[in-house]
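The sequence and the model are shown below.

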Amino acid sequence: MNKSAFQKIVDWKVKNQFLTSQISSLEKLKGFPIMGTSAFLLKAQLVEFELKQLISSLDLHAHFTHQFWWKRKKARTPVQLDKQKLTLGGLKKEIEKYKFEFLKDLNSHLIKLVELRNEFVHALFNLGGIKDLIVKSERGLSSANKVMQDIRKIDNYLEKNDPLK
């Protein structure tokens, strides 16, 4: 039996809410240092997902507010962005293409997050002690949380300034 499109969307939303909630729970498990590391890596993936959603919204906002600098005729969907296999750094570069003032904080926080995540992932098993791992995980989580807060603020801004309302 095939699931309806509506049921698939509901299942997807429930799954994402579950993951977001579980990642937040992992962040709070201070007695288990590996949980902070896991939470950071998962949170970075969540940021990538959220950025794809945001890019789609920004494409529409730029189009419908008739931004003279915006050349794209059609808004990209998150699925199209998935197919491009953009990394966190690639998504950051996409966000930098928009000339909206309300993206300033997000851009600066993304620079830091990409730097921390790349350093962390590529050096995870290199020389260094547990304390260094924990400190880097905490810095990364803090940075990822700032980016998530920025995304929420931008979503709210876009909702309040919807040119189609």
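The largest nonpolar core has 33 residues, and V47, L51, L54, L58, I95, Y98 and L106 touch the most other members. The elements that give two or more residues to this core are α1 (5-27), α2, α4 (88-96), α5 (104-123) and α6. Helix α2 supplies the largest share, 9 residues. In general, nonpolar side chains of soluble globular proteins tend to be buried together. The model is a predicted one.

**Overall fold**

The chain has 6 helices and 0 strands, in the order α-α-α-α-α-α along the sequence. Its C-alpha atoms fill a box of roughly 50 × 45 × 30 Å along the principal axes. The chain is 165 residues long, and 35% of these residues count as buried. Among contacts between residues at least 6 apart in sequence, 70% join residues at least 24 apart.

**Helix pairs**

Two packed helices are described by the angle between their axes and the distance between the axes.

| Helix pair | Axes come within | Crossing angle |
|---|---|---|
| α2 and α6 | 9 Å | roughly 25° |
| α5 and α6 | 9 Å | roughly 150° |
| α2 and α4 | 10 Å | roughly 25° |

Helix α2 covers residues 33-64 and helix α6 covers residues 130-160. From their crossing angle, α2 and α6 are therefore roughly parallel to each other, and the crossing is left-handed. The residues of the contact of α2 with α6 divide into 18 nonpolar, 7 polar and 4 charged.

Helices α5 and α6 are, by their angle, therefore roughly antiparallel to each other. Here too the crossing is left-handed. On the α5 side the contact is made by D105, L106, H109, L110, K112, L113, L116, E119 and F120. On the α6 side the residues are L133, K136, S137, R139, G140, S143, A144, K146, V147, D150, I151 and I154. By class, the contact of α5 with α6 has 10 nonpolar, 4 polar and 7 charged residues.

For α2 and α4, the angle gives a pair that is roughly parallel, with a left-handed crossing. In this contact V47, E48, L51, K52, L54, I55 and L58 of α2 meet L88, L91, E94 and I95 of α4. The contact of α2 with α4 divides into 8 nonpolar and 3 charged residues, with no polar ones.

**Helix α4 and K92**

How much of α4 is covered? This helix is mostly covered, with 7 of its 9 residues buried. The buried residues are L88, G89, G90, L91, K92, E94 and I95. What covers them includes α2 and α5.

One of the buried residues of α4 is K92. Its relative accessibility is 13%, so K92 counts as buried; the cut-off for buried is under 20%. Not counting residues up to four places away in sequence, K92 touches L110, I111 and V114.

I95, another buried residue of α4, is among the core residues that touch the most other members. I95 also belongs to the contact of α4 with α2.

**L54 and I151**

L54 is one of the α2 residues that meet α4, and it is among the core residues that touch the most other members. Leaving aside neighbours within four places in sequence, L54 is in contact with I95, L106, I151, I154, D155 and L158.

I151 lies in helix α6. Is I151 buried or exposed? With a relative accessibility of 0%, I151 counts as buried, because the cut-off is under 20%. Apart from neighbours within four places in sequence, I151 is in contact with E50, L51, L54 and L106. I151 and V47 are 104 residues apart in sequence, while their C-alpha atoms are 8.9 Å apart in space.

**Summary**

The pairs of α2 with α6 and of α2 with α4 are roughly parallel, whereas α5 and α6 are roughly antiparallel.

Methods: Residues are numbered from 1 along each chain as its sequence is written. This is a predicted model: local features need pLDDT of at least 70, side-chain atom pairs count only at pLDDT 80 or more; totals for chains, interfaces and linings use all residues. Side-chain values use heavy atoms; hydrogens and water are left out. Axes are lines fitted to C-alpha atoms, for helices over the stretch in contact, and angles run from 0 to 180 degrees between N-to-C directions. Helices (H or I, at least four residues) and strands (E, at least two) are DSSP runs, numbered from the N terminus. Angles under 35 degrees count as roughly parallel, over 145 as roughly antiparallel, 65 to 115 as roughly perpendicular and the rest as oblique. A crossing is left-handed if the near helix is turned anticlockwise from the far one by less than a right angle, and right-handed if clockwise. Ala, Val, Leu, Ile, Met, Phe, Trp, Tyr, Cys and Pro count as nonpolar, Asp, Glu, Lys and Arg as charged, and the others, Gly among them, as polar. A nonpolar core is a set of buried Ala, Val, Leu, Ile, Met, Phe, Trp, Tyr and Cys residues joined through side-chain atoms within 4.5 Å. Buried means under 20% relative accessible area, exposed over 50%, partly exposed in between (1.4 Å probe, protein chains only). Contact means heavy atoms within 4.5 Å.
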